[in-house]
Amino acid sequence: MKGKNYQILVVDDDLGMCQMLSEVLGEEGFSVSTTSESLEASKLLKREEFDVLITDLKMKGLKGLDLLDEANRVAPLTPVIIITAFGTIESAIKAMKMGAYDYITKPFQMDELLLTVRKALETRLLKKEVIRLKKEVESRYDFHQLIGKSPAMQKIYDMIERISDSSSSVLITGESGTGKELVAKAVHYSGCRKAGPFIAVNCAAIPETLLESELFGYKKGAFTDARSDKKGLFVEAHEGTLFLDEVTEMALTLQAKLLRAIEDREIRPLGDTHSYPIEVRIISTSNRDIEMAIKQGRFREDLYYRLKVIDIEMPPLRERREDVPMLIQHFIAKFGSESKKNISGISENALKLLLNYSWPGNVRELENVIQRAIALGQQEVILPDDLPASMIQKTDERLFERAMDEKFTLDQLEKEYIKRVLTEAGGNKSKAAERLGLDRKTLYRKLEEM
Ligand SMILES: Nc1ncnc2c1ncn2[C@@H]1O[C@H](COP(=O)(O)OP(=O)(O)OP(=O)(O)O)[C@@H](O)[C@H]1O
Ligand SMILES: [Mg+2]
């Protein structure tokens, strides 16, 4: 355990002792700071990270025990070695009880001190390793049915935890199949509203007039078919969550009513003369470019801001490929047990294909691919043959090899590359331009020339 990598702080009001320790430890290659002022030491501890602290017990100013206390608080991983004169053994024992690493009594042999320092360093390294491992174990790969261990998913989990107890509106955006609905449910079921209902409405699937009466309810006789009063979903979701899936598909007239309901925190059913207070949290989703929809006048900007008090952007699967193996295992377990087939894994080649694929349909597409592979599979593991043919071709196509085989010109290679990057970017030209290191205009020009 040599080397300047280790920082040792020596505190003793006996300057001679400081100097001697500094020399001996310095010769062993440690980098040593010394101070005879325990108050100064306390400041140093806050400012720098030391690997070992060696301190005298009896000092002016801050006493050794106080410094130990301070070190425990500001640098809990730094072992503290107490130097004590023979007569103060009792305080040394007290120091041990307070968490000192060890003590040595004056006068001592330098070898004895060095041995203690080395053991202290080892302990510190072990403690650090334990903390690192603990963190790794704690990093979740499964959170309310969401699978994924990537940093991007960890951020999503943290976000969900942070916001689950609030009532602010949440807007979840992201490409199709990225898990927006799962996240909405996780927000609901991990928070204080979990005892309340989670009511989902797909705004894209229901015609405008029906959606209005679904959301706000109606009085008997409000229109021909209204034979009795109907509670709206806003009322049904009382003290729970109203999940407005694909909210950008909502008609403009209804958007205005939704905005009013959110602002006034009350709704008026069709044909009713009264308004009723509502207490719901709204979580909505969109998989299209909302800002574009606003620019084109298809979505109200004021409503947008009301809905996205908190926004969560789901990362596409191709940007967190490290989650693919885990998701595969998850879906194999799910569909394997449903189909009663004994498929327990995936072959290396098949896995490679899946890892290289760009997943435009995200997790949903992966789920379908595995479901299909299990239905078709006849071996214990999923083989490339069990995967969709289109996928095998697409991913197997090594652009560079093909370019060499078919003797591409540089121009052809560039075009193919641009096409691939554009596909990977889900057709998003700004993103593709950024990846290619081009400005948008240049990319547009190149696309026009294709
Ligand atoms: N992280 C994940 N872990 C496990 N399953 C997931 C994950 N993300 C998505 N899925 C699964 O993928 C499918 C699609 O997820 P979900 O319906 O939540 O996506 P979405 O973003 O709402 O898609 P769309 O925009 O098309 O409605 C579901 O079957 C869901 O269970
Ligand atoms: Mg959805």
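User: How do the residues of the shell around ligand 1 divide into nonpolar, polar and charged?
Analyst: This is a predicted model. In it, the shell around ligand 1 has four nonpolar, seven polar and four charged residues.

User: How many residues surround ligand 1, and which are the closest?
Analyst: There are 15 residues around ligand 1. The closest are Ser176, Gly179, Lys180, Glu181 and Val363.

User: Which helices and strand each supply at least two residues of that shell?
Analyst: Helix H7 (180–189) and helix H15 (362–376) do, and so does strand S7 (146–147).

User: What other domains is the protein divided into?
Analyst: Besides those two, there are domain 1 (7–136) and domain 4 (399–449).

User: What separates the centres of domain 1 and domain 2?
Analyst: 58 Å, taken over C-alpha atoms.

User: Back to H15. How many residues does it have, and what is its reach?
Analyst: H15 has 15 residues. From its first C-alpha to its last it reaches 21 Å, close to the 21 Å expected at 1.5 Å a residue.

User: Which residues in H15 are buried?
Analyst: Asn362, Val363, Leu366, Val369, Ile370 and Ala373 are buried. They cover an arc of only 120° around the axis, so they sit on the same side of H15. In general, an α-helix has 3.6 residues a turn, so residues three or four places apart point the same way.

User: What covers the buried residues of H15?
Analyst: The cover includes helix H13 (324–339) and strand S18 (381–382).

User: New topic. Where is Gly64 found?
Analyst: Gly64 is in helix H3, which runs over residues 64–74.

User: Is Gly64 buried or exposed, and why?
Analyst: Gly64 is buried, because 27 other C-beta atoms lie within 10 Å, and 20 or more count as buried.

User: What is Gly64 in contact with, leaving aside neighbours within four places in sequence?
Analyst: Gly64 is in contact with Thr55, Asp56, Leu57, Lys58, Met59 and Ile82. As for Val11, it is 53 residues from Gly64 in sequence, and their C-alpha atoms are 8.8 Å apart in space.

User: And Leu252, buried or exposed?
Analyst: Leu252 is exposed, because it has 12 other C-beta atoms within 10 Å, and 12 or fewer count as exposed. Leu252 is found in helix H10 (residues 252–264).

User: How far apart are Leu252 and Lys63?
Analyst: They are 189 residues apart in sequence. In space they are 72 Å apart, C-alpha to C-alpha.

Technical notes: Residues are numbered from 1 along each chain as its sequence is written. Chains are lettered from A and ligands numbered from 1 in the order in which they are written. This is a predicted model: local features need pLDDT of at least 70, side-chain atom pairs count only at pLDDT 80 or more; totals for chains, interfaces and linings use all residues. A residue is near a molecule or strand if its C-beta atom, placed from the backbone, lies within 6 Å of it. Helices (H or I, at least four residues) and strands (E, at least two) are DSSP runs, numbered from the N terminus. Ala, Val, Leu, Ile, Met, Phe, Trp, Tyr, Cys and Pro count as nonpolar, Asp, Glu, Lys and Arg as charged, and the others, Gly among them, as polar. The expected span of a helix is 1.5 Å times one less than its number of residues. The arc is that of the directions from the helix axis to the C-beta atoms. Two residues are in contact if their C-beta atoms, placed from the backbone, lie within 7 Å. Domain bounds come from an automatic or database domain assignment.
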